[in-house]
2 protein chains.
Amino acid sequence: MPTIEDVAKLAGVSIATVSRVINGSGYVSEKTRYKVWKAIEELGYKPEISAKLLASKGKLFNIHVFASKRILSPLQSNGILGEFYGVIIRAIEENCGRLGMNVELKMLENFFESNGADGYIFIGGDLSEKTLKEIKSRKKPFVLVDHYIPGERVDCVISDGYDGALYATNYLISKGFRRIVHIHGPLHPYGFKMRYDGYKDAMEKAGLMPRFYECDDTEEGTRKVIDIMLNSYGTPEAIFTSNDSIAFWTIKRLKEHGIRVPEDVSVIGFDDIVDAENFDPPLTTLRVFKYEMGCLACKRLHELLTGINPHPVRILVFTQFVKRKSTK
Amino acid sequence: MPTIEDVAKLAGVSIATVSRVINGSGYVSEKTRYKVWKAIEELGYKPEISAKLLASKGKLFNIHVFASKRILSPLQSNGILGEFYGVIIRAIEENCGRLGMNVELKMLENFFESNGADGYIFIGGDLSEKTLKEIKSRKKPFVLVDHYIPGERVDCVISDGYDGALYATNYLISKGFRRIVHIHGPLHPYGFKMRYDGYKDAMEKAGLMPRFYECDDTEEGTRKVIDIMLNSYGTPEAIFTSNDSIAFWTIKRLKEHGIRVPEDVSVIGFDDIVDAENFDPPLTTLRVFKYEMGCLACKRLHELLTGINPHPVRILVFTQFVKRKSTK
């Protein structure tokens, strides 16, 4: 039986290089990779699965899951059922066990004092630059959920706000609407920005003028921009909002102006929060797959811990359009 | 030992629903999911791994990999070593075997006559609407590589052009450049568009004016827009291009005008093609991880075939900045 040493010899490279090629870990030039696979083929060598993976058989990894106080406090007082981050946390707790990972949920604010973990999951967008630096310096695998840091090449799982917003806007256009407005929250963190881009690209592709009003993601702020919009732009045919809460406040304010949804204006939200189907009218929206995001984060972290596909990726989870009564 | 029937009974749902919850396949409401996991916990039921996965143990899946004639012909005549799509194809061939998948490489133009596959991988952006419709109608798992179709919710693996372009532009800005131009190819298919967006967002965030010149991704076209740029805008401090070929033609044309790279203008490409290090000067660029893209596509298809994380995702593979001599 040929060994890894035989392969290294025939290919004229080190054993470490052969191992990198087999496990897909670390950079190997195209040429070297080709030589190694050629040698493997010629010798009929059967590569073992990742040494890291073998070493990990039966091993229980300790995973620390961090979320900020802002996220954890309401979950602890109201119970986590159905809440956005509650669902993600439950998905992580439920799935890590099956993958041989032991989970501890911790407060992000205490990250600097924590130790003893084999890997980390960070939930939400509250990572400071200082914390990110500390995380990186620990040289342990980690995955962000519901957060992406542009230009940092950090593994993360987020919902595909671009694709969902594009779909929703195209839907409105296909229904014959032309005067379609986007009411959005702050464009940092990245979540609202992706939705903004999807709306903009769909409008421009259809030859329509995108029209934006920015609010601060509060009821008071939404009321204000709705008033500004009605004053300057008039009543649009349809409104697409950054999230379901803004949609809810928008519909409420429109009603106070005597404008009916969906008869006068169609409204689409984003997220499909638990209450969306109980709105008056029930809200047409994009469903975000929170549970799936948690599952994928566990899976990805497990891959990193076992040395499979170690090159960093950004995983975007597609949303699903849910048609209810707030659109004509 | 508690069974799946016991769980279904206690949770008050069907066995199929319990199975969907356990395998994370198909839609289950948050509430139901919670009831099922509660029942599992109370009973101490140990969920088996996916039934699909069990059934697949030792099974060899037949995978058909499709690429268009445009992609395959040059590979067949020039040999595939090092070519962009050649590397992706090799990665797929090498990795499918290890995952118990039998691969056949086929011409996309013959897709309608093909049959007998358990799943498909499609390489590149040449899918027509008609072909996509036929693919979907076959109800087999499939993954696109180096192609994303906005709004279609189709599993795909692409390189993260947005993140790479943003990184490159931020790099130029950090070096003190202000007059940074983007020379780009057609914004369909989606690849160049993501790079365009990354450049634009980085410029705007820094308070700089983005400046675009569109060419047709040929040498002749690039010459023309360089001349137009020099005439109307003057000599920029730096140029970021959609890909390495455009960078190469740009540098060539600048030289003909007596403009030196990097002394007068810094240039950054995208892709890190095999020739990039042999350019004069050697090209600073973003490396696209073609081999890793192929590996991830195999892995993703295998997950879909075995019922793991079946919700569709878009996987973006981060690029890596490679500093050579074309930037100061």
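What covers the buried residues of α10(B)?

Modeller: The model is a predicted one. In it, the cover over the buried residues of α10(B) includes the strands β6 (180-184), β7 (212-214) and β8 (238-241) of chain B, together with α11 (244-256) of chain B.

α10 of chain B runs through residues 219-232 and has 14 residues. From its first C-alpha to its last, α10(B) reaches 20 Å, close to the 20 Å expected at 1.5 Å a residue. Its buried residues are B:Gly221, B:Thr222, B:Val225, B:Ile226, B:Met229 and B:Leu230. Viewed down the axis of α10(B), these buried residues fall within an arc of 165°, so they line one face of the helix. The other side of α10(B) carries the exposed residues B:Lys224, B:Asn231 and B:Ser232.

Both ends of this helix have a local feature. At the start of α10(B), a side-chain oxygen of B:Thr218 comes to within 3.0 Å of the backbone nitrogen of B:Gly221; B:Gly221 is also one of the buried residues of the helix. Just after α10(B), B:Gly234 adopts a positive phi of about 90°.

α7 of chain B covers residues 129-137, and its buried residues are B:Thr131, B:Leu132 and B:Ile135. These three cover an arc of only 100° around the axis, which puts them on the same side of α7(B). They pack against the strands β3 (119-123) and β4 (142-145) of chain B. On the other side of α7(B), B:Glu129, B:Lys130 and B:Lys133 are exposed. The helix is followed by B:Lys139, whose phi is positive, near 55°.

Leaving aside neighbours within four places in sequence, B:Thr131 is in contact with B:Leu108, B:Phe111 and B:Phe112.

α8 of chain A comprises residues 161-174, and its 14 residues should span 20 Å at 1.5 Å a residue; the end C-alpha atoms are 20 Å apart, which agrees. α8(A) is mostly covered, with 11 of its 14 residues buried. Among them are A:Gly161, A:Tyr162, A:Asp163, A:Leu166, A:Tyr171, A:Leu172 and A:Ile173. Just after α8(A), A:Gly176 takes a positive phi of about 95°.

Chain A is divided into domain 1 (4-48), domain 2 (59-158 + 291-317) and domain 3 (161-288). The C-alpha centres of domain 1 and domain 2 of chain A lie 34 Å apart. Chain A contains 12 helices and 12 strands, and its C-alpha trace spans about 80 × 45 × 30 Å along the principal axes. Of its 328 residues, 57% count as buried. Among contacts in chain A between residues at least 6 apart in sequence, 69% join residues at least 24 apart. The accessible surface of chain A comes to about 14,100 Å², of which 51% belongs to carbon and sulfur atoms.

Terms used:
Residues numbered from 1 in each chain as written. Chains lettered and ligands numbered in written order. Predicted model: local features only at pLDDT ≥ 70, side-chain atom pairs only at ≥ 80, totals over all residues. Heavy atoms only, no water. Domains from an automatic or database assignment. Helix = DSSP H or I, 4+ residues; strand = E, 2+ residues; numbered from the N terminus. Contact = heavy atoms within 4.5 Å. Expected span 1.5 Å × (residues − 1). Buried < 20%, exposed > 50% of the residue type's maximum accessible area, 1.4 Å probe, protein only. Arc of directions from axis to C-beta. Polar contact = N/O pair within 3.5 Å; in protein donor to acceptor, adjacent residues only side chain to side chain. Areas by Shrake-Rupley, 256 points an atom, 1.4 Å probe, with all protein chains shown as cover.
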